[in-house]
Every structure is written in structure tokens, then in C-alpha cells.
Amino acid sequence: MATQAWRRGASSLLGAGGGAARALALWREGGRAGARNPLRGARTLSEAAGAGRATGGGKLKYGTLGALVLVTGYGFAGYGFYDRFRSKEDGEGVGGDGEGIVNWSGTHACTPVKLHEPETLEELEALVKKCHEQGRKLRPVGNALSPNGIALSDHEMVSLAMMDKVLAVNKRKRQVTVQPGCSVGRLCGELRKRGLVLENLASIAEQQVGGFLQIGAHGTGAAIPPVEMQVVEMKVMTPGEGLVTVRRDEDPETFRMLQCGLGMFGVVCEATIQCVRAHKLLEHTFTLSKDQIQKQHADLIKKHKHVRYHWIPYTDDVVVTTCDDYTLWNRLGYGMEKAATYSDEERLNPLRSLLLESGERRPEDLAGLSFADLRTMLLERNSLDVNHIKRVNQAEAEFWKRSEGYRIGYSDEILQFDCGGQQWVLEMAVGAGTLERPSYADVDYVRELLEEIEFREIPAPAPIEQRWTASSQAVLSPASSTDPSSIFSWIGIIMYLPLSDLKARAKVTEGFKAYSSLMRSVLEGLEAQEHWAKIELPSNQEEREDVVKRIARRYPVEKVRQLRSRFDPKNILGSDMLDELFGLL
Ligand SMILES: Cc1cc2nc3c(=O)[nH]c(=O)nc-3n(C[C@H](O)[C@H](O)[C@H](O)COP(=O)(O)OP(=O)(O)OC[C@H]3O[C@@H](n4cnc5c(N)ncnc54)[C@H](O)[C@@H]3O)c2cc1C
């Protein structure tokens with residue numbers, strides 16, 4: 001029984017079903033069967049980063065495993081994790097001899113004294129009760145993917161990886177009831193069998209449902225709210241009041257607070273989510289100039305169900321990706337514009353040529369590498385040399401021009417995206433008017449940011465990503481609004497982290513701090529808010545205080561404190577960052 005549970009747990013930490021399959025497929029891909037896990041054996045953050053080299057570089061998509069895997073000295077890292085940390089059947093956690101958990105990008109780590117993995121509601125209840133009585137810190141964690149490591153803690157942690165069942169599907173209401181340990185990818189797979197799908201997805205589907213909902217994740221689509229808005233009912237295990245059930249149509253004030261609760265009010269142990277009919281999307285990728293965006297923006301976000309812009313710094317190009325319901329698109333009689341077709345080789349040539357220029361690599365070294373792999377290899381050469389970055393960005397723009405065209409597939413496949421390798425990211429949500437009357441503040445903002453980047457010669461790689469959602473009723477969503485017609489734009493900047501060169505990695509980290517400060521300063525006055533999985537507390541005290549003040553202007557922190565003291569009176573679930581942001585320190 002214990003062994004079985006352990007095995008099951010290991011696979012669920014690896015994102016069972018779709019997620020695990022994907023991570024493991026990536027792992028085995030590219031002739032690397034039997035290669036060492038990049039994080040295996042690593043014990044510190046820098047070792048974890050450096051260990052990535054063992055994969056031979058390039059295949060940085062293995063970074064996915066980094067999020068899902070623990071840094072341990074044992075076999076396949078996921079198993080090591082469970083071996084060392086998983087809860088005993090009596091509900092007591094084990095572990096505590098120095099192994100740690102690293103997030104997806106290897107930017108944050110922790111060494112929890114214990115990690116608990118209850119298998120039943122009763123075990124979870126007993127654990128939360130005991131920790132509450134004894135005042136022991138207990139941080140809920142999903143798949144630990146968040147770029148800022150928001151779920152990580154050096155105290156005790158609780159993962160619902162063992163509580164990962166799809167409990168019920170109501171086809172008539174198109175609702176699913178699921179345990180939060182289930183990965184988003186596996187849930188989509190189960191829903192597809194029943195003709196349903198989640199209304200929207202983030203770029204990846206390896207998150208646990210609990211993390212996905214509690215962090216307030218989002219996809220794109222100006223008429224579609226962030227994912228927490230699909231929650232109809234939630235069961236939450238709270239330290240102060242035990243098991244609490246909250247419903248959208250009853251006690252909406254509490255529900256709206258818990259909807260995007262960041263794991264600080266209770267451990268979500270069941271969620272009923274509104275789904276939509278499974279459908280195929282027609283994806284169209286094309287490039288526009290900045291001026292064309294300015295002219296077409298209002299039409300683009302109104303006409304298309306999902307729209308994403310990837311602005312490419314130091315070029316005039318914006319890659320636009322739209323997705324629409326394929327059946328509806330046909331019914332409305334919209335056609336498909338004819339685009340020039342390029343072979344994969346021709347599309348990748350601009351990046352390949354740049355890589356081959358120095359003579360260090362031979363064409364055969366690059367065979368089979370994807371666009372994201374090639375870009376990562378190029379950036380690894382010198383990701384802080386602005387002249388180099390300009391050339392890489394130009395090659396990327398040319399790649400996208402040659403990639404214009406259409407793709408048709410199920411929405412849960414089409415909406416995912418290859419996000420590249422380990423990275424620093426900052427994403428902020430900013431009010432963008434309404435669909436009827438977009439304010440253009442968001443588009444103007446990105447244009448201003450691009451000008452500043454060029455003026456200050458910031459080595460900004462592509463893309464600056466821009467997406468949209470409808471507003472959310474969740475109090476703590478960065479897209480929270482009482483006006484249901486308002487829309488929000490989510491703007492993200494990125495710097496990719498070299499895997500092997502730790503000095504270069506540290507320099508990129510410093511470079512990203514400067515880039516983030518620039519983003520924040522250009523956004524000043526727009527009251528933009530960071531995505532909760534991407535907020536980092538600046539080390540500069542003044543900037544840090546600004547972040548805290550901005551949080552206090554945007555969110556009702558007093559109400560947050562009151563609800564925290566009701567559901568978690570001893571503050572066992574919080575973290576230092578959340579306590580600082582919500583004024584508990
Ligand atoms: C490559 C990449 C791409 C991404 N793309 C997007 C994107 O397109 N859109 C987007 O919005 N986000 C995106 N993200 C962020 C990502 O969606 C979130 O970080 C993610 O939802 C976290 O899922 P997780 O299971 O790893 O949660 P964790 O990181 O483990 O936890 C996230 C939060 O949820 C809480 N939590 C987890 N489980 C529970 C539970 N059962 N009960 C109570 N609280 C819980 C934790 O305490 C924490 O506060 C991306 C991240 C990466 C690494």
C-alpha cells in the first residue's frame with residue numbers, strides 16, 4: 001500500500017497523465033534517452049542550474065522537469081522526493097535532511113523541514129488541525145512551477161499530489177468536480193473524453209488545478225476572464241474553521257476572496273469548475289508593424305476570441321496570434337488568407353545561419369533543434385550584449401514572418417505554447433478600457449517601453465508578450481474590477497537564463513532587475529499589478545516599499561487581514577512575502 005501510494009505520488013508530482021507524459025517525452029526527446037536528469041544530484045540552486053548542462057544544452061525545455069522535480073541525490077528526482085519527504089500514513093511528514101525543491105526556472109528554492117502528502121480529506125483535516133493547534137507553519141504547494149516560487153517554504157509544506165481525482169462530471173451543466181492535485185493537462189484529457197474543456201488555459205498545462213486556480217492564472221481573450229472565474233464551488237480546509245464550502249451564489253464576499261486566495265486562507269481540497277464544450281480552434285499567426293497594430297488593435301481584440309501579441313524589441317515587428325472557434329469561423333464564411341509556405345528548414349535558417357557564423361558549430365549539430373532551442377543557444381552566447389540581442393531578435397522576426405499561416409486543433413492543444421528555457425519573467429496587468437472602447441493605454445505603454453529599451457540599450461530579447469482578459473470578480477485578481485465590461489492587458493517581459501555559466505546567470509539576474517525597474521517605472525501612473533506567480537520583492541528598499549504601497553492601493557488589504565485572521569488566526573499558511581505584501585510583518 002505504501003509503495004503503491006509512493007509510486008502514484010511520484011507520478012503525480014511529475015504532473016501525472018498529460019503533464020508527466022509531456023515532461024517525460026521532452027526528457028526522452030532528441031536522442032537523449034537515458035540521459036541524466038538535469039537536476040539529479042543537485043543540492044543547491046546553482047548546482048541545479050549548472051546541472052542543466054548535463055543535458056547538453058539546447059534542450060532547455062527540460063526546464064519543465066525542473067519545476068516538477070526535486071533536487072535530491074536519489075534516482076529519478078521525483079521518486080527521490082517522495083522517498084525522502086512523503087508523508088507517512090499516520091499523516092506525519094518526513095524529510096528534513098537538506099534536500100530542496102526548485103521552481104521551473106531554477107530561480108527559487110527551498111528546503112522544507114517536512115512535506116506532507118495526505119491521501120484523503122481526513123488525513124488533510126488531521127494535518128491542518130494539528131499544525132494549527134501547535135502553531136506549525138504549513139504552506140500549500142501545487143507543482144511548484146511559479147516563477148517567483150510563491151509556494152515554497154523552509155517550514156512544512158502540504159501537497160495534494162495524492163488527491164488528484166476527477167470526482168464528477170455533470171455533462172448537462174458542463175461542470176467538473178476535481179481534486180486540486182490533478183494537473184491541468186490531465187484534467188483536460190479527462191474532460192475531452194466527455195466532450196468538455198476548460199474555457200481557457202495558460203501557456204502550459206503542467207500546473208496542478210489548485211495552483212492554477214489559487215494563483216489566478218490567465219490565458220488570452222478579452223471577453224474571457226482569468227481562470228478563477230470558472231470556479232463555481234470550492235471546498236477549503238482552513239486552520240481556523242476546518243472544512244469550509246464556498247459557492248459563487250452564496251456568501252459571494254467570502255467566495256470572491258478565496259477564489260484567488262494564494263494559498264493563504266486554506267488548503268483547497270475540491271473545486272467545481274464551469275467548463276465549455278470541447279471545440280477546435282483555428283489559429284492564425286502573422287506579423288504586423290507597430291503602426292498597423294495601432295490601427296487594427298481595437299478590431300483585433302474584438303473580432304477574435306484569443307489574441308496574443310509578441311512584440312520584438314529592436315525591430316518594427318509584432319507577431320500576432322489569433323485563435324477562433326473553427327466551426328463558427330467557417331459558418332461565418334471567413335476565409336483563410338494565403339500565406340507563402342516555407343519548409344521547416346527555411347523557417348529556421350535565419351537562426352541557424354547566425355549560429356553557424358562563428359564556425360563553432362556544424363550544420364549537423366543543429367539538426368532537429370526547434371526554434372526555441374536555437375534561440376536559447378543563440379542567447380546563451382551572450383545574452384547581455386545588446387548588439388548580439390538585436391541580431392537574434394531580427395533573426396526571430398524573420399522566423400515568424402516565414403511562419404505565417406494557420407493551424408487547426410483542439411483548444412487545449414492550440415492554446416499551449418513553447419515558452420523556451422529557464423527564464424526571469426515579470427508580468428503586469430493593466431486596465432485597458434472596455435471591448436467597445438479600448439483605452440489603448442496598454443498598447444501605448446508597450447510602445448513607450450520599446451522606445452525606452454532602445455534608448456537605454458537594454459539587451460531585451462523577444463518577446464514582450466501582451467495578452468488580454470475580461471475582468472475578474474475575485475478580490476485578489478490583478479484583473480479585479482466591479483465593472484464587468486472592463487478588460488485588462490497582461491504584459492510580460494523576459495530574460496532567458498543560461499544553464500551552464502553560473503557567472504553569466506548571475507549577470508542576467510542583475511540585468512533583469514534593471515529591465516524590471518524600467519518596466520515598473522514606465523508603468524507608473526497606470527496602477528498596473530504584477531501577476532501573483534511573477535511578483536518579486538525588489539531588493540531596493542524604496543522600490544520594495546512602492547510595491548507594498550501599490551498593493552495597498554489596489555487591494556482591500558484590511559479585509560484580507562480580517563479574513564486571514566478568521567480562517568488562519570495563527571497565520572500558519574502564509575509566507576514572508578505574503579505577510580510583507582499584506583502588512584502582517
Ligand atoms: C513556463 C511557464 C509558463 C507560464 N505561463 C503562464 C500563463 O500563460 N498564464 C499564467 O497565468 N501563468 C503562467 N505561468 C504561471 C503558472 O500558471 C503558475 O505559476 C501556476 O499556475 C502555478 O501552478 P502550480 O501547480 O505549480 O502552483 P504552485 O506554484 O505550487 O502554487 C501557486 C500558488 O497556489 C497555492 N496553492 C497550490 N495548491 C494549492 C491548494 N491545493 N490549496 C491552496 N493553495 C494552493 C500556493 O500556495 C501558491 O500560492 C507560467 C509558468 C511557467 C513556469
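User: Which backbone nitrogen does the side chain of Thr-315 reach?

Analyst: A polar contact is a pair of N or O atoms within 3.5 Å; within protein, one must be able to donate a hydrogen and the other to accept it, and residues adjacent in sequence count only if both atoms are side-chain atoms. Here the side chain of Thr-315 reaches the backbone nitrogen of Asp-317 at 3.1 Å. A polar atom of that side chain also lies 2.8 Å from the backbone oxygen of Ile-312. The model is predicted: local features need pLDDT of at least 70, side-chain atom pairs count only at pLDDT 80 or more, and totals for chains, interfaces and linings use all residues. Residues are numbered from 1 along each chain as its sequence is written, and side-chain values use heavy atoms, with hydrogens and water left out.

User: Where does Thr-315 lie, and is Thr-315 buried or exposed?

Analyst: Buried means under 20% relative accessible area, exposed means over 50%, and partly exposed is in between (1.4 Å probe, protein chains only). Thr-315 has a relative accessible area of 9% and is therefore buried. Its place is the loop between β14 (306-311) and β15 (317-325); helices (H or I, at least four residues) and strands (E, at least two) are DSSP runs, numbered from the N terminus.

User: How many residues surround the ligand?

Analyst: A residue is near a molecule if one of its heavy atoms lies within 4 Å of it. In this model 36 residues surround the ligand, and the closest are Pro-140, Gly-142, Ser-146, Arg-467 and His-531. Helix α8 gives the largest share of the shell, 4 residues.

User: Which classes of residue does the shell around the ligand have?

Analyst: Ala, Val, Leu, Ile, Met, Phe, Trp, Tyr, Cys and Pro count as nonpolar, Asp, Glu, Lys and Arg as charged, and the others, Gly among them, as polar. The shell has 20 nonpolar, 13 polar and 3 charged residues.

User: Which ligand atom lies 2.8 Å from a backbone N or O atom of Val-268?

Analyst: That atom is a nitrogen of the ligand. An oxygen atom of the ligand lies 2.8 Å from a backbone N or O atom of Leu-145, and an oxygen atom of the ligand is 2.8 Å from a polar backbone atom of Ser-203. Taken alone, the ligand exposes 980 Å², of which the protein buries 98%; accessible areas come from the Shrake-Rupley method with a 1.4 Å probe, and for residues only the protein chains shown count as cover.

User: In which helix is Ala-552 placed?

Analyst: Ala-552 is in helix α18 (residues 541-554). Ala-552 is partly exposed because its relative accessible area is 41%.
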